[in-house]
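Visitor: I am new to this structure. Please take me closely through one part of the picture: the side chains, where they sit and what they pair with.

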Amino acid sequence: MMKNVVGVDMGCTKMLMVAEVDGQLVEHKVSTGLDCSLEYLAGEIDRFIAGLPYEPEGLGIALPGLVEGDRRLQFSDIRALCGVTADDFAKGRFRCRLINDVKAATVAEAANYPEKDTVAVMMAGSGLALGVYSKQRMYTGAGGFAGELGYTVIATEAGPRKVDELAGGIGILDKAGCDIDAFLAKIRDGDGDSLALLERAGFYCGLAITNVLHLFNPDVLVIGGSTSTYPGYMDNALRTAEKHTLPDMFQACSFASPKDGKRIAALGAMQFLRTGMEF
């Protein structure tokens, strides 16, 4: 098993890079964005690697979007990543494996529940996504793309809308018309419009959870991501889910936070690389 590896969580707003040095995790985070370039992302990874006291044996990268196998990203909301391959990052220096970010999070969390039949992991960050590990296998679907929870559609007064638009961080801030720091400041100050917006987002997150419980019947649902930490968001989501879920299915599921919420996807990408896990 590889020892010296780098794990990357390449998100829509930030990228976290993690490696182990002398038994301790070291990390570095940079801002990204839907319009950032591949050159910028690859360059930041190269700079992180250059600062390590060793040349890594491998690189595991968790990315948002539809990952084909472990070599190519077919589609991503980060436009520059559409069609990117593992070779674009490894450049012939070491092994590189790509994995969808929520599947990476699921790899990391499933290891914490070896006695459970079905572990689901929902990440509520810029958008919402789902990973399901059941009976010692990752649920991948026909093309490996299963889990795009944020692209499921819910009927609203304004017509059909994607869950991402209704409950994801980017959708919330778009409606709020401000950045995250300003929005959370308004929440702390008790701004009525901001509180109502957050309550509505939590409600739609709760409906998404209801659908997850009814479709997959997990006995554990781990919920992470930056949006899940917004004040009151998850409280409203779980109240909504309980109200709309069949009681036996809601009670059969325990709800948990990730063991390492900030590094969950990067650590999962490292584990995916080290173990050679196949889906």
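Guide: Start with Cys36. This residue is buried, with a relative accessible area of 12%. Here, buried means under 20% relative accessible area, exposed means over 50%, and partly exposed lies in between, with a 1.4 Å probe and protein chains only. This is a predicted model: local features need pLDDT of at least 70, side-chain atom pairs count only at pLDDT 80 or more, and totals for chains, interfaces and linings use all residues. Residues are numbered from 1 along each chain as its sequence is written, and side-chain values use heavy atoms, with hydrogens and water left out.

Cys36 is in none, and the nearest cysteine sulfur, that of Cys12, is 8.9 Å away. Cys205 is in no disulfide either; its nearest cysteine sulfur belongs to Cys253, 13 Å away. Cys205 is buried, with a relative accessible area of 0%.

Now the cores. A nonpolar core is a set of buried Ala, Val, Leu, Ile, Met, Phe, Trp, Tyr and Cys residues joined through side-chain atoms within 4.5 Å. The largest one has 34 residues, and Met122, Leu128, Ile209 and Tyr233 touch the most other members. Several elements each supply at least two residues: β8 (118–124), β9 (128–134), α4 (163–167), α6 (180–188), α7 (192–216), β13 (220–224) and α8 (233–244). Helices (H or I, at least four residues) and strands (E, at least two) are DSSP runs, numbered from the N terminus. Helix α7 gives the largest share of this core, 10 residues.

Leaving out residues up to four places away in sequence, Tyr233 touches Ala124, Leu128, Ala167, Ile172, Leu198, Ala201, Gly202, Cys205, Thr227 and Ser228. Contact means heavy atoms within 4.5 Å. Apart from this core lies another, of 31 residues; among them are Cys36, Leu41, Phe89 and Phe94.

Asn236 is in helix α8. Asn236 is buried, at a relative accessible area of 11%. With residues up to four places away in sequence left out, Asn236 touches Glu199, Gly202 and Phe203.

Next, the charges. Side chains of opposite charge can pair when their charged atoms come close. A salt bridge is a side-chain nitrogen of Lys or Arg within 4 Å of a carboxyl oxygen of Asp or Glu. By this rule there are 12 salt bridges.

Arg97 pairs with Asp70, the closest N and O atoms being 2.6 Å apart. Arg97 lies in strand β7 (residues 95–100) and Asp70 in the loop between β5 (66–68) and β6 (72–75), so the pair ties together parts that are 27 residues apart in sequence. Both Arg97 and Asp70 are buried. Arg97 has another neighbour: its charged end sits over the ring of Phe272, 3.8 Å from the ring centre. For that, NZ of Lys or CZ of Arg must be within 6 Å of the ring centre and within 35 degrees of the ring normal.

Arg71 forms a salt bridge with Asp87, with 2.7 Å between the closest N and O atoms. This pair links distant parts of the chain: Arg71 in the loop between β5 and β6, Asp87 in helix α2 (residues 87–90), 16 residues apart. Arg71 is partly exposed, at 37% relative accessible area. Asp87 is partly exposed too, at 48%.

Arg274 forms a salt bridge with Glu20, and their closest N and O atoms are 3.9 Å apart. Arg274 sits in helix α10 (residues 264–275) and Glu20 in strand β2 (residues 14–21), 254 residues apart. Arg274 is partly exposed, at 22%. Glu20 counts as partly exposed, at 30%.

Last, the rings. The whole structure has 5 aromatic pairs. In one of them, Phe250 and Phe255 are tilted, 5.2 Å centre to centre with 40 degrees between the planes. Rings of Phe, Tyr and Trp (its six-membered ring) pair if their centres lie within 6.5 Å; planes under 30 degrees apart count as stacked, over 60 as edge-to-face and the rest as tilted. Phe250 is buried, at 12%, whereas Phe255 is partly exposed, at 28%.

Note on methods: A disulfide is a pair of cysteine sulfur atoms within 2.5 Å.
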